[in-house]
Amino acid sequence: MTTFLGMPATAPRGVGHLRGDESFPAAAHKALADDQLRRNLRHATTTIRGKSGRVIAELPDWQELRSAGSAIKADVMSRLPELLEELEARVTERGGVVHWAADANEANAIVVDLVRRTGSERVIKVKSMATQEIALNEALEAAGIQPVETDLAELIVQLGNDKPSHILVPAIHRNRSEIREIFLAAMPGVDPDLTDDPPVLAAAARKYLRETFLSTKVAISGANFGIAETGTLAVVESEGNGRMCLTLPETLITVMGIEKIVPTWQDLEVFLQLLPRASTGERMNPYTTMWTGVTPGDGPQNFHLVLLDNGRSAVLADPAGRSALHCIRCSACLNVCPVYERTGGHAYGSVYPGPIGAILSPQLTGIEDNASLPFASSLCGACFDACPVKIDIPAILVHLRNQAPHPRSERAAMRAAAYTMDRPKLYASAQRAAKLARIAGRRGRGLPLGGWTDARDLPEFPQQTFRDWWASR
Amino acid sequence: MSSKDVILGRVRAALRDAPAPGEAPREYRRVFPAADLDVLVDRLVDYKATVRRIAEDAVAATVAEIAGGVVVVPEGLPLNWRPEGALPDDDLSPDRIAGADAVLTAAAVAVAETGTIVLDASPDQGRRIITLLPDVHIVVLRPEQVVASVPEAVARLDPRRPLTWISGPSATSDIELNRVEGVHGPRHLHVLILEPV
């Protein structure tokens, strides 16, 4: 069979970090047993929620901004081909080079090749979800190129041979004493008298990275926004490591998901109000860098933009699920989610944890590879309320649950139920028999109910069926 | 078939239900009162920046007092702002910039509501690198550069210039969400707001 290359395609297997090693319920069980992790997460999510709520309350037009953000993104999705070509044209006019990567393998190959052509054996990296998604660091290492994460949290994760657990604060599962241990074990030239005081730890990272910033000729970043009208790219950050990477090296390579486009320069007025307040709970993040192609005499003189599909076209192909691509990676949905707060980021198995991950990852990979994620939710709706671009995450979760392959026992039970309900006499006798099920007890002993009764009580059967009651009136 | 064709083909196939492009509703605030300098000062201080409101003829002396050493300045910076011995950026090497005690620049726009200062690499602000490496960044703001809101700032800026939006000094919250000022960028931000002439 040949594949028509124009068909939307999911992210390929065997590369990248969109699939976990085990199902969400299995991974969540371990997380739930980790008291330290739950304390760290509760502290983090509660703190960010509080800050965010306060600064959002300062804006009288928050709901109108959300509506605008949502509508702009819907418009982007409907016109994606023309906007992508417009972005490419503007970036190219300004001296940038645009590359198109159909999936993680192609994106990694493009970046590795670009770095090789510079002759550099080391790259500095700005925190980027897209490059985490495609496992670019692993691809660079395999090619003999050392990727150095420069965001403090990503550095902690990298030095600890760990995985990020939160979109915004990837090392939130680590506390200060763990971070101190990681630095002592893995940071070259670290002061052995290092304490676990956060300013001391931050200063150690500053010292370690300073020389790397000044001596590395290639940087790799993601992008928060790519503006079709002007070819401008924007990176939003706090520490200044982003500015370092985006300004100091000779060559800058930016990997951007194709959904990150906004149509016009003016549209930034919406997203720059939404993103910081929803994300870190600040009126504005400390630093935002914007650049358009190459500026002679200022910043990198070689700029490459890699536009990444890697399953996004498959998400776009589902009208009921495509608004997952509106996500601006603020992580507000993580911080309000009762399930994330108790299970943490690693349980989701993907670089995209929490509610947005529960809808994004299964759509990017195909539902069969992340079939348990749409169930990692109580459907309480807090994520929808928190989302600055109004993604109806609960509705998409329900939609994806319908797409998910069901366990064999559940399929058999549903088939039997359908057969019975088609036959009135059989249905009546089944209802009488159901009374007998009371002896199965509230844990459903002996019934083929899969995982359902592991976490919940079986509802009690009524004393009388509706039909019996109706007949007896 | 190029990857561009593959991706655009996939995207077009994905959109075969032809979702209608739509004009976004822009019912959010787009008209604002005059910028309130007190709000700007309040927001800047909240971000741990140090703010002074001074007369223009006091800039050079104030900068000398804050920096207490070598101050890098962009070549287009007004001469009367420069402290004695200021080091103009005539393509200085990164090491020399990093070795300076402070950098002094003008700004393009400031946003009162968010406490944000935007640099656009004009001659009085210079290359991005000079405001990145020294530990102290001193910015001189003229009152007429201050707008109330983000939409007004976006409207004033030219996206073809490299832009740096700064809200307070460098900060991280990556260790147990404790805010620590200064990881990689300048650890101290001083804003000098000029008195109206």
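Analyst: Strand E5 (residues 109–111) and strand E6 (residues 116–119), both of chain B, pair in the antiparallel sense over three bridges, where strands are DSSP runs of E with at least two residues, helices are runs of H or I with at least four, and both are numbered from the N terminus; two strands count as paired if DSSP finds at least two bridges between them. Within this pairing, B:Ala110 stands opposite B:Ile117 of E6(B). This is a predicted model, in which local features need pLDDT of at least 70 and side-chain atom pairs count only at pLDDT 80 or more, while totals for chains, interfaces and linings use all residues. Residues are numbered from 1 along each chain as its sequence is written, chains are lettered from A and ligands numbered from 1 in the order in which they are written, and side-chain values use heavy atoms, with hydrogens and water left out.

Strands of a sheet pair through backbone hydrogen bonds, either parallel or antiparallel. Here eight strands form an open sheet with mixed pairing, in the order E8(A)-E5(A)-E6(A)-E9(A)-E9(B)-E6(B)-E5(B)-E8(B). Its edge strands, each pairing on one side only, are E8 (261–262) of chain A and E8 (146–147) of chain B.

Across E5 (225–227), E6 (232–237), E8 and E9 (287–292) of chain A, together with E9 (163–166) of chain B, lies helix H12 (residues 268–279) of chain A. H12(A) runs at about 175 degrees to E5(A), the axes being lines fitted to C-alpha atoms, for helices over the stretch in contact (heavy atoms within 4.5 Å), with angles from 0 to 180 degrees between N-to-C directions.

H12(A) also gives two or more residues to the lining of the second largest pocket, as does E6(A).
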